[in-house]
Amino acid sequence: MKMLRMLYRGEHHFDFPLMWRKALLGSGALVLLSVGALLFAGLNLGIEFEGGTSWEVNAPGQSVAEARDALSGTGAAAGKIQTVGSSVIRVRADLDDPASVNEVTTVLGNFAGVEGGDVSVTTVGPSWGDQITGKARNALIWFFFIIAFYIAIRLEWKMAVGALVAVAHDIVISVGVYAIFQFEVTPATVIAFLTIMGYSLYDTIVVYDKVREVAGRLSVTGRYTYTEMMNQSLNQVLMRSINTSITSVLPVLSMLVIGSFFLGALTLQEFAIALLIGIVVGTYSSIFVASSLVAFMKEREAEHAAVAKKVVTRAGGDVGTRVVAKQDAALGGITARPKRATADRPSAAGVPPRPRKKKKK
Amino acid sequence: MRRQATYVVLIVLLSVGGIIYTLAAGNEPFLGLDLQGGASVVLEPAEPEDGTEINEETLDQAVEIIRNRVDGLGVREPEVTRHGATILVQIPGVEDEARAIDLVGQTAELRFRPVLADGMLGVPFSEAALASCPNASELLTAEPTPDAAAAECMIGTDKRNEAVTYLLGPAPELLQQDGDGVDRLNGESLETAAALFQVPEWIVSITFRAGSPGIDDFNNLASMCASGSVGCPPTGIDRSSGRGVGRLAIEIDGVVESAPNVAVANFSRDSIVISGGSMQEDEAKDLALVLRFGALPLELIPQESRIVSSTLGEDALDSGIIAAIIGLALVSIYLVAYYRLLGVIAILSLAISGSLLWTIIAWLGETQGLALTLAGVTGLIVSIGVSVDSNVVYFEHLKEDVRNDRSLRSAVERAFPIAYSTIVKANVASLIAAAVLYFLTVGQVKGFALFLGLATVLDLVATYFFMGPAIRLLAARDGVEEKPSRFGIPNPTEVSS
C-alpha cells in the first residue's frame, strides 16, 4: 500500500539504471530462448499459411474422440481435431479439393446434428499462404525503414536505433511464446503481432520524448549524467506507463474472458493472448531495453562523457544512480517557488512570464 | 478561454450531429462475413500454359461473369471485387454456401445436352418436340431459360446468333446422380480442350477424364445421339454418310456454345474433335477456353474459401460487442477512480471519438460497402487503450508540474502543448504503421489497419478539440485550486508527510 501511495503521489525514486544490467540479461535470455524455440520447435502455423482446410462446428457434449470416430472414413481421418472454447470442435486437415472437403463438412454436420451451413469451413490453397507471408514480410521491412526515418527526424537517430531494437525484442519474444507453447498462428495472431509493434513503439516514443524534454532542461546545468537524466525521466513516465498498460490490458482481458464464454469468439481469444503478452513485454522494453540502449549510446557523446567523468570524480566511485534534486527537476524555465501558496491566488495571469523553451516541432 | 469553449461546443455538436445523422439516414455498419455468416472465396488466375500475359480486360470479363453467376443465386449484396489479379467474392448470409463457392470459380456450369429441336426466338416449340420434357408446360412461352436442372428441358440461345434457339433435352436418367438433378456430364468430366488448325479448318479437340464422371458418361449420351433415339432425335445430318444423327449441345448458363453432330457411338477419351461449321481461329480458341474453364476466360484457382456459419458469426459479433462494453466499463471505472474529474473528461473524450468513429464507419459501410470484420472490431477494441493513453500522458504531465509547485491553472496551460506534442509523435508512428499495413497487405490485416488508422486520427481530433480545451475550462472555474484531489492530484498539505 505504501508503495502504491508513493507511486500515486509521484514520490517514488526507483534506480532504473541499477536494474538495467539484470533486465538486459533477462531479456537476452528470453530472446535466446525464443530464437531457440523458433529454430527447433518452429511455429504451429494455421492453414492460412500452410494450405488445407479447417472446420469449426458447435457440438456441445461431444468429445474429440467421438469426432475422430465419426471422421474415420473421410479424408480428415488423419487430421488434427481439438475442442476450442466450451463446445466447438475444430478439425484441420491437409485437404483442398472440393469433393473431399464437402464430404467432411457433411459428416461433421451430421455428427453435430446441424445443417451443413452451420459448419464453418475455411479452405486455403497451398500457395496463398506464401503470398500472404511475403506481403507481410514486405510490409514489415518498409515499416522498419519508414519508422526509423521518422524517429530519426522527429527525435534523433540514436533513439531510432533504440526503438527498433526494442520493437524487435518485443516481436521476437511474443513470437517465441507462440513457438514455445505451440499456439496456432493465424492471421489474427499476425495482426496481434503488428499491434504489439505499434504499442511498443508508442510507449518507447513517449519515454524518449520525456527524456528529450528532461535532458533539454537539465543538461545545461552540467550537473547530471545522461543516465541520471534518463532515470529521472523514467520515474516521471512510470505512472503513465503503468496506467496506460492497465487501461490497454483491461479491454484485452475482457476479450479473453468473454471469448471463453462464447462459441464464435475464437479469433478474439487468439488475438487477446498475443496482445496480452505484447502489452506487458512492450511496456517493459520501453523502460528497460529502449532506454538503456539510448543511455549507453549517449554516454559516449563527448558532452555527456565529460559530465559523467566529472560526476564520478566528485562522488568518488559508483554510488548507484543519483536522484535529480528537486529544485532541478522543477526546472521548467521559471524559478521554482519555495512554497506553493494555497490562499486565493488571482488567476493564471498571476504566473510570472517565463521564457519559452525552444521546442523543435 | 472563449476559443476553448467554442472548440468544445463545436466538437460536441459535431459528434451529436453525426449520431443523429447516422440514425436518421438509417446508416449501419456493413458487417463482414465473419460477423454475419456467409461465404467468401479468393480467386487467382493460374499462369496461362502458353505463357501469355493475363490482361486487365480478361480479368474484368471474369469478374463480370462471376458477378452474373452470384447474382443468379439471389442473395443480398454479393460483392465481387478485383484487387490486382486477385478476385474476391463475398456472399453474405447465403443459404447453401458450399454450392455458392462451387459455382463461383469452377467449371461446373458447362453441360452437354441433347438437342431436341431447333427454333427461333419467340416462336414456341411444337408439342411433339416438347413431349419428352417433364417441364413442358414451363417452356410453352418459348422464352430462353438461363438455367435448368439436369432432369429438365431448357431453351438455350445460340452463342453467335441470339435469334436462334435450341430446345435442349434432359440428360438421360442414368447420367443423373440419384435423380437429384446433379448431372455427371458437365465441365468436370472434361480434362482439357485445345484449338488446333487441321487443314482446311480450325477444330477443337477435347480430352475427357477416364471413367465416370468422364468419358463413360459422354459415350452413354453419344450412343443415344448416334442412333438418333428419342432422347436425342436426329436433328442433324452427318456430312460423310448423309444419314440423320442427333446433336449434342455444349451449354453454359443457357447459351449454346456449339451443337455438333454426333456420328459415332463410342469415343476413346482423347479422340473427340469438334469440327465443321467453318470455325474461325478465334471462335475455336474461345470454344476451347470455354470447355476448359466453363464460361470464364481464364482458369481461376480458389486460394482461400471461407464459410462462416451464421450462428458462429453472430456469436463472434456479440462477444466482440460485450467485450468492448465490459472493457470500456472497466477502463472508465479505473480512470474515474484514479483521475477523478480528469477521468470523467477522458471518458467523454473517448465517447466523442467513439461517436465520430461510428458515424464514419456506418457511412463508409453504407456508401462504400466497407465491411466491418472481426479484425476491424479487434482494431477498435485495441484503439480504446491508445486513445486513453493520450489522456494519461497529459494528466501525468499535469500532476508532475503540480508536484513541482506549479499552480494547477498554470500547469494546465503549460502541460498541454508539451503532452500534445508527445501524443502527436506517438500517434503519427501508429498512423505510419497503419498506412504501411493498409497499402502493403491483403485481407484481414488491411481491414484492421484501416480501423486502427481511423481511430488514431479521431483520437488526435478529440484530444485537441475536446480533452485539452475541456480541462482548461474546468481549471478556470473558481475553487479548483483548493481541491486538487478532485483532479486526482494529491492535496498539497499532505505532500510533506
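Chain B has 13 helices and 16 strands, where helices (H or I, at least four residues) and strands (E, at least two) are DSSP runs numbered from the N terminus. The model is a predicted one, in which local features need pLDDT of at least 70 and side-chain atom pairs count only at pLDDT 80 or more, while totals for chains, interfaces and linings use all residues. Residues are numbered from 1 along each chain as its sequence is written, and chains are lettered from A and ligands numbered from 1 in the order in which they are written.

Of the 497 residues in chain B, 51% are buried, a residue being buried if 20 or more other C-beta atoms, placed from the backbone, lie within 10 Å of its own, exposed if 12 or fewer do, and partly exposed in between. If one takes the contacts in chain B between residues at least 6 apart in sequence, 70% of them join residues at least 24 apart; here two residues are in contact if their C-beta atoms, placed from the backbone, lie within 7 Å. Chain B is divided into domain 1 (2-28 + 309-495) and domain 2 (108-277), with bounds that come from an automatic or database domain assignment. The centres of these two domains of chain B, taken over C-alpha atoms, are separated by 66 Å.

One residue of chain B can be followed in detail. B:Leu372 belongs to strand S16 (residues 371-372) of chain B, and B:Leu372 counts as buried because 26 other C-beta atoms lie within 10 Å. Apart from its neighbours within four places in sequence, B:Leu372 is in contact with B:Pro29, B:Phe30, B:Leu31, B:Gly32, B:Ile361, B:Gly365 and B:Val377. B:Leu298, by comparison, is 74 residues from B:Leu372 in sequence and 31 Å from B:Leu372 in space, C-alpha to C-alpha.

Turning to chain A, the secondary structure comes to twelve helices and six strands, and 48% of the 361 residues count as buried. Among contacts in chain A between residues at least 6 apart in sequence, those that join residues at least 24 apart make up 76%. Its division is into domain 1 (10-44 + 128-302) and domain 2 (52-123), whose centres, taken over C-alpha atoms, are 39 Å apart. Helix H8(A) has 32 residues and spans 46 Å from its first C-alpha to its last, close to the 46 Å expected at 1.5 Å a residue, where the expected span is 1.5 Å times one less than the number of residues. Since 28 of the 32 residues of H8(A) are buried, this helix is largely enclosed by the rest of the structure.

The two chains meet where 76 residues of chain A are in contact with 76 residues of chain B. The elements that give two or more residues to the chain A side include helix H1 (2-9), strand S2 (52-58), helix H5 (98-112), strand S5 (120-124) and helix H8 (187-218) of chain A. The residues on that side of chain A divide into 40 nonpolar, 25 polar and eleven charged, with Ala, Val, Leu, Ile, Met, Phe, Trp, Tyr, Cys and Pro counted as nonpolar, Asp, Glu, Lys and Arg as charged, and the others, Gly among them, as polar.
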